[in-house]
Structures are given as C-alpha cells and as structure tokens.
Amino acid sequence: MPHPTPLTSFAAGARDTLPMLIGAAPFGVIFGALVAAGQLALWQGQFMSLGVYAGASQFIAIGLLATQAGMLVIWMATFIVNLRHMLYAATLLPHISHLPGRWRWLLGFLLTDETFAVMNAYYLKHAHTPHGHWYFLGSGLAMYGNWQLWTLVGLLFGVAFPKLQTLGLDFAMVATFIAIVVPQLFRKPQLAAAIAAGACAWLLRDLPYKTGLMAATTAGVAVGLASSHWLARLRAARSHA
C-alpha cells in the first residue's frame, strides 16, 4: 500500500534506490578519476557533477574536452545523449502534472536512468498515491547525493592513483543497466522494443557523437508502439470473432 505520510514516502524512495546507489558508485569514481587525470581542475569536475548531473553526458564531455573539441560539438553531443530523458519525463508526467512548477522543475533535474527505473516501478503499483512526489524526491536526492560523494572519492583517489580508471570498474554500470532493463521486459512490446534498440545500437555504434544511440532509441520506440498497436488490434479482432 502507499506510504501514509510525506516523510515515510521520502524515506521509502531513498531506501528503494539503494541497489542503484551501489551500482552507480564505481561510475562516479571513474568519472572523478578521469577528471583528475585530465585538463580540468578538481573543483570543475565536482561542479560538473553538481550542476550537470548526467553521468553519460559528463563522460562524453570529458572525452571531447580531451580531444580539444569545440563547445558547440560538446553541447550537441551531450544534448543528443540526454534526449532519452524526454522519454522518461513523458512517461512520468501524468503522475506529477498536477504539481506546481517548482516541484516539476526539481524532480526533472533529479531524473536519471536509475531514478526513472525506481519511479516507473513505483507508479505501476501506486498510480494514484497522494505522496508519490515525495517518494520521487527521496529517490532523486539519494541518487544525487550518491553521485556527488563518489565523484569526490574519484577526484581524490584519482590524484593518488592515476590509473584508477583502468581497473575495470565500469562493468558495474553495465550490470546496473541490465538490472534496470530486464525487469521491464515482461510484455511483448517492451521485449520487441529492447531487441530493436539493442540491434540498432550495435549496428550504428561507430556513428560520431553517439548519434547511433538516438537512432536506436527512435527504432525502439517505433517498434514498441507498432507492437502495442498490433497486439491491440489482434485482441480486438479476437473479441469480435
């Protein structure tokens, strides 16, 4: 059942995000270590985590800065990678559209892949709970604080151990994304969308500036919608048979 008060909802959101915090920790350490080994000052790396708060985009930005890419290229590349957040927002918007703007802006800033996975599962069970936004806030702030902490750890240890980013810690994030995606594949449209997006991402992996990811996202959405419509028409035809 939904949690009865804002405080219990907030605490439950933070608690239910704990597995995601563990998976994101090595990712934050690697980012901090890359900053420490690169051209940015340590405070700039921490400020990027505080203000940008988008792991994949931060990694892309660091890589492009290392190649002396222009700011327009960096902005466009990170924009393309972050377009997936529009899909997340569209999915969750019906549950928070009644909130005032200050809530929507705050929750939008805190929305990440991990928080979306937690919130999507929550709203599937509690679609009309009055304190869902407090659960959302607890999950989002837990992830935000976790990212800041492990960025700082990576910055400090990256100075002491310059090869820290080569230890293979990035596999933890792969495992985390597997844990996010697999539980969503309980229906045929989701499974078809995942297969289409995965195949497209692999085939277009060599496109510049990660544009293959956006193409894969588009393909996944198109296949998922087409599968949903086809199944709905099939059920309708059977009901009239």
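What follows is a chat about this chain, topic by topic.

Me: Before we start, what kind of model is this, and how are residues numbered?
Reply: It's a predicted model, where local features need pLDDT of at least 70, side-chain atom pairs count only at pLDDT 80 or more, and totals for chains, interfaces and linings use all residues. Residues are numbered from 1 along each chain as its sequence is written, and side-chain values use heavy atoms, with hydrogens and water left out.

Me: Let's pick a helix. What can you say about α5?
Reply: α5 has 12 residues and reaches 16 Å from its first C-alpha to its last, close to the 16 Å expected at 1.5 Å a residue. That expected span is 1.5 Å times one less than the number of residues.

Me: Which of its residues are buried?
Reply: In α5 the buried ones are Ile-74, Ala-77, Thr-78, Ile-80 and Val-81. Seen down the axis of α5, they fall within an arc of 155 degrees, so they line one face of the helix. The arc is that of the directions from the helix axis to the C-beta atoms.

Me: What do they pack against, and what's on the other side?
Reply: The buried residues of α5 pack against α4 (55-66), α6 and α12. On the other side of α5, Leu-72 and Trp-75 are exposed.

Me: You mentioned α12. How many residues does it have?
Reply: α12 (residues 211-239) has 29 residues, and from first C-alpha to last it reaches 42 Å, close to the 42 Å expected at 1.5 Å a residue. Gly-212, Ala-216, Gly-220, Gly-224, Ser-227 and Leu-231 are buried in α12. The buried residues of α12 pack against α11 (188-203).

Me: Switching topic: what's the volume of the second largest pocket?
Reply: About 570 Å³. On a 1 Å grid over the protein atoms alone, a pocket is an open set of points with protein on both sides within 12 Å along at least five of seven lines, and lining residues have an atom within 4 Å of a point. Grid points are joined across faces, edges and corners, and the volume is the space filled by probe spheres set on the points.

Me: Which residues lie nearest its centre?
Reply: The second largest pocket is lined by 20 residues, and His-85, Ala-89, Gly-108, Phe-109 and Leu-111 lie nearest its centre. The elements giving two or more residues to that lining are α5 (71-82), α6 (84-96) and α7 (101-110). The largest share, six residues, comes from α6.

Me: How does that lining divide into nonpolar, polar and charged?
Reply: It has 15 nonpolar residues, four polar and one charged. Ala, Val, Leu, Ile, Met, Phe, Trp, Tyr, Cys and Pro count as nonpolar, Asp, Glu, Lys and Arg as charged, and the others, Gly among them, as polar.

Me: Back to Phe-109. How far is its C-alpha from that of Tyr-53?
Reply: The two C-alpha atoms are separated by 8.0 Å, though Tyr-53 and Phe-109 are 56 residues apart along the chain. Tyr-53 is in the loop between α3 (42-51) and α4, and it counts as buried because its relative accessibility is 5%.

Me: What's its phi?
Reply: Tyr-53 has a positive phi of about 50 degrees although it isn't a glycine. Most residues other than glycine have a negative phi.

Me: Last one: where is His-131, and what does it touch?
Reply: His-131 is in the loop between α8 (113-125) and α9 (132-160). Leaving aside neighbours within four places in sequence, His-131 is in contact with His-3, Pro-4, Thr-5, Pro-6 and Ser-9. His-131 counts as buried, at 18% relative accessibility, whereas Pro-4 is exposed, with a relative accessible area of 62%.

Methods:
Helix = DSSP H or I, 4+ residues; strand = E, 2+ residues; numbered from the N terminus. Buried < 20%, exposed > 50% of the residue type's maximum accessible area, 1.4 Å probe, protein only. Contact = heavy atoms within 4.5 Å. 1 Å grid on protein atoms, 1.4 Å probe; cavity = no way out; pocket = protein on both sides within 12 Å on 5 of 7 lines; lining within 4 Å.
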